[in-house]
Amino acid sequence: MSSLEVAVVGYGLAGAVFHAPLIAAEPRMRVAAVVTGSAERAEQARRAHDGVRVFPDVDTLFEDIRGIDLVVVATPNRTHAPLAARALDAGIPVVVDKPFAVTVGEAEEVVAHAERAGVALSVFQNRRWDGDFRTVRELVEGGGLGAVRRFESRFERWRPVSKGGWREVGSAADGAGLLFDLGSHLVDQALTLFGPVHSVYGELDRRRPGIQTDDDVFLALTHENGVRSHLWMSAVAPQLGPRFRVLGADAGYVTYGLDPQEDALRAGRDPREDDWGTVEPERWGWLGAEPDLAPHPTLPGDYPAFYAEMAAAILDGTPVPVDPRDAVAALRVLTAARRSAESGTAQRV
């Protein structure tokens, strides 16, 4: 097998904008099938991907799963674990969008299922390949800051009026809200940098009328190695804080603004472009200790690396790009954060 036939289950924002273009850009993959109940999105898929088969629902896909080598689950959060299990039952490798599941128990069962079946399973934590995060990781792991003491990470927006999508009007049981949406990214990044967390304090608020779950969130994580991570995610921030602020014993690093890859994908740009993911010098972060601060180059973002590594995992037997057990660990933190917000006290993870 030299090329993988990929089925994308769900063709909304996640499937059409984040997954399908990256799959199509990977030389060893092809978007072979799409599941969507929308006639408009079905036509969109046919225009974008030559020869794609379009299925109206997931049952129809699994009745005619022949030739599919990878299933990508890009559906509403509450369906992630059940759909991943169906693909594993069919012996087909799976990529699950974040959050991996809505409960720790569901996530653990899917991981165990994949291990029993001997089938590759990964989670789409694409923001490990944000350029600013890659830069932070290089500075932390290379010792450029000295011993890190505090890590601040923000994903803030100014959306004072709800758009009414399921992520805003759904319930916590649906995996709706910013804690499970943006929090899945921010917690994963913190764990990737600094390892396990022993306690978490969380504040979860509903600021806008008409929504059912959190749209303004703060988490304070205490890692087992002593690093403290402070994470903010908000839809109601009229002024945006720094994306990252990392304070070490020798130096700090601060950067503003979001990685450009999401906007590029939304605009329909091709991930194979030579300048993909690059950040202009005027948007670089600042490195150093007062008063000696200097702009520090931001590494290019590299979302295409996820599916390149997934292709290698299936075809060459290399590790999957994101270990699903990392996603289980992140879910434990998110679950403890919800308990903390309910109790008003820090919770063990």
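Let's start with Asp-188 and Arg-128, whose side chains meet in a salt bridge at 2.8 Å, N to O. By salt bridge I mean a side-chain nitrogen of Lys or Arg within 4 Å of a carboxyl oxygen of Asp or Glu. Asp-188 sits in helix α8 (residues 182–194) and Arg-128 in the loop between β6 and α6 (131–141), so this pair ties together parts that are 60 residues apart in sequence. Helices here are DSSP runs of H or I with at least four residues, strands are runs of E with at least two, and both are numbered from the N terminus. By the salt-bridge rule, the count comes to 25.

A word on what you're looking at: this is a predicted model, where local features need pLDDT of at least 70 and side-chain atom pairs count only at pLDDT 80 or more, while totals for chains, interfaces and linings use all residues. Residues are numbered from 1 along each chain as its sequence is written, and side-chain values use heavy atoms, with hydrogens and water left out.

Now, the domains. The assignment, which is automatic or from a database, gives domain 1 (4–124) and domain 2 (127–302 + 331–348). Their centres, taken over C-alpha atoms, are 26 Å apart.

How do they meet? Counting contact as heavy atoms within 4.5 Å, 19 residues of domain 1 touch 16 residues of domain 2. The area buried between them is about 1,600 Å², and carbon and sulfur atoms give 65% of that. Buried area, by the way, is the accessible area (1.4 Å probe) that two parts lose on being put together, summed over both.

Two salt bridges are counted between the domains. Have a look, too, at Arg-332 and Glu-108, whose side chains form a salt bridge at 2.6 Å, N to O. On the domain 1 side of the contact, the elements giving two or more residues are α1 (13–25) and α5 (104–117). Which of them gives the largest share? That is α1, with seven residues.

Next, the aromatic rings. Rings of Phe, Tyr and Trp (its six-membered ring) pair if their centres lie within 6.5 Å; planes under 30 degrees apart are stacked, over 60 edge-to-face, and the rest tilted. The structure holds eight such pairs. One of them, Phe-124 with Phe-306, is edge-to-face, at 5.0 Å centre to centre and 90° between the planes. Phe-124 belongs to strand β6 (residues 121–124) and Phe-306 to helix α10 (residues 304–316), so the pair ties together parts that are 182 residues apart in sequence.

Last, some cis peptide bonds to find on your screen. One joins Lys-98 and Pro-99, with omega about -10°, and Pro-99 is in the loop between β5 (94–97) and α5. Another joins Glu-290 and Pro-291, with omega about 0°; Pro-291 lies in the loop between β13 (285–289) and β14 (292–296). Thanks, everyone!
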